[in-house]
Amino acid sequence: MTSQTITADVAGTWKLGDLAVNRIGFGAMRLTGSAAFHHGTPSDRGRSIAVLRQAIELGVNHIDTAAFYFSRLRSANEIINSALAPYPDDLVITTKVGPYRNYWGEWGSPARPDQLRGHVEENLRQLGRDHLDVVNFRRTEQDSIAEHFGALAELREAGLVRHLGISGVEPRHLAEAQAIAPVVCVQNRYGLEHRDPATDEVLRLCGEQGIAFVPFFAVAGDGGEKGASTTYDEEVLAVARAHDASPSQVRIAWTLHQGPHVLAIPGTGNPDHLAENVAAGALRLTADELERLDALHGKSDH
């Protein structure tokens, strides 16, 4: 399928609270290098800036990032600031807080509730903003997220944050957060070849309640933060051939077919891959193809 003239509005829109976004967005994790964090080699800064500007030209108005997205030489937030400030009025930047990396890139202990203001302020400083559009609390080891989400709700009341989301959660955490403040999105690991029954239930609950569900590593698959997996099931390859599409485009399209509330945030530092990812929003899978791919997802035990 050609990707030359396809823009991000082709898959439709959804709302993060009162903020309308195209369902095809952009994940900033891969702006810093060939793989996330300290993996891989640092990116060419000029190329990463060009990719972001191209994303905006292609209609992307939802970017997902975090202050802990940095490599030895690059910071995703700094690149976003340099490439796009002053920011377009319709651009929604979503960030996440909770995990922490020190200046050397080593992972530290997850933040306490009283440390989350510092995380928010660091994102504000790096992005050059006076408020953050959406902040997700990224759960790591916490059994309860009430104190952490409550701390972010206070920052929302103070005007530093406009909307709140949660990440890496089970259904009980969604209910826990909603008892404190509105939740506009949930970010969980989810994809064609990655199945988790709790996340399947979260996806369903979000659809019922009009909450955006934003899967991460939907394209990377088992590759995760080290980049996209290059091994594909024969069903994926067959569907790709039928549409003259890439396997990655099939993964994105299948994800978007899971409901109108599902957003995609594929990330890349490659201009060609960016156009290909955006074009995946135009891929319409048949009922038979969806059934075959759904069966593949159902067999996954990851």
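Figure 1. V135 belongs to strand β6 (residues 132-138), where helices (H or I, at least four residues) and strands (E, at least two) are DSSP runs numbered from the N terminus. Leaving aside neighbours within four places in sequence, V135 is in contact with T95, V97, L152, V161, H163, L164 and G165; contact means heavy atoms within 4.5 Å. V135 counts as buried, at 0% relative accessibility. The classes are buried for under 20% relative accessible area, exposed for over 50%, and partly exposed in between, with a 1.4 Å probe and protein chains only. V135 and F216 are separated by 81 residues in sequence and by 15 Å in space, C-alpha to C-alpha. This is a predicted model, in which local features need pLDDT of at least 70 and side-chain atom pairs count only at pLDDT 80 or more, whereas totals for chains, interfaces and linings use all residues. Residues are numbered from 1 along each chain as its sequence is written, and side-chain values use heavy atoms, with hydrogens and water left out.

Figure 2. Two strands pair if DSSP finds at least two bridges between them. Strand β8 (residues 185-187) pairs with β9 in the parallel sense over 2 bridges. Within this part of the sheet, C185 stands opposite A212 in β9.

**Figure 3. The cysteines C185 and C206.** The count of disulfides comes to 0, a disulfide being a pair of cysteine sulfur atoms within 2.5 Å. C185 is in no disulfide, and the nearest cysteine sulfur, that of C206, is 8.8 Å away. From the side of C206, the closest cysteine sulfur is that of C185, and the distance is too far for a bond. C185 is buried, with a relative accessible area of 2%. C206 is also buried, with a value of 0%.

**Figure 4. T32 in the loop between β3 and α1.** T32 is found in the loop that connects β3 and α1 (45-57). This residue is buried, its relative accessible area being 0%. Not counting residues up to four places away in sequence, T32 touches F37, T41, P42, S43, Y69, F70, S71, R74, S75 and A76.

Figure 5. The structure holds 17 salt bridges, each defined as a side-chain nitrogen of Lys or Arg within 4 Å of a carboxyl oxygen of Asp or Glu. The side chains of R156 and E157 meet in one of them, at 3.7 Å from N to O. R156 is partly exposed at 26% relative accessible area, whereas E157 counts as exposed at 65%. In another, D200 is bridged to R195, with the closest N and O atoms 3.5 Å apart; R195 counts as partly exposed, at 29% relative accessibility. E201 and R204 form a further salt bridge, their closest N and O atoms being 2.6 Å apart. Both of these residues lie in helix α6 (residues 197-209), 3 residues apart, about one turn of the helix. E201 is partly exposed at 28%, and R204 is partly exposed at 39%. Elsewhere, salt bridges that share partners join D143, E170 and R172 into one network.

**Figure 6. V10 in the segment before β1.** V10 lies in the segment that precedes β1 (13-16). With 29% relative accessibility, V10 counts as partly exposed. Apart from neighbours within four places in sequence, V10 is in contact with V278, G281, A282 and R284. V10 and H39 are 29 residues apart in sequence and 33 Å apart in space, C-alpha to C-alpha.
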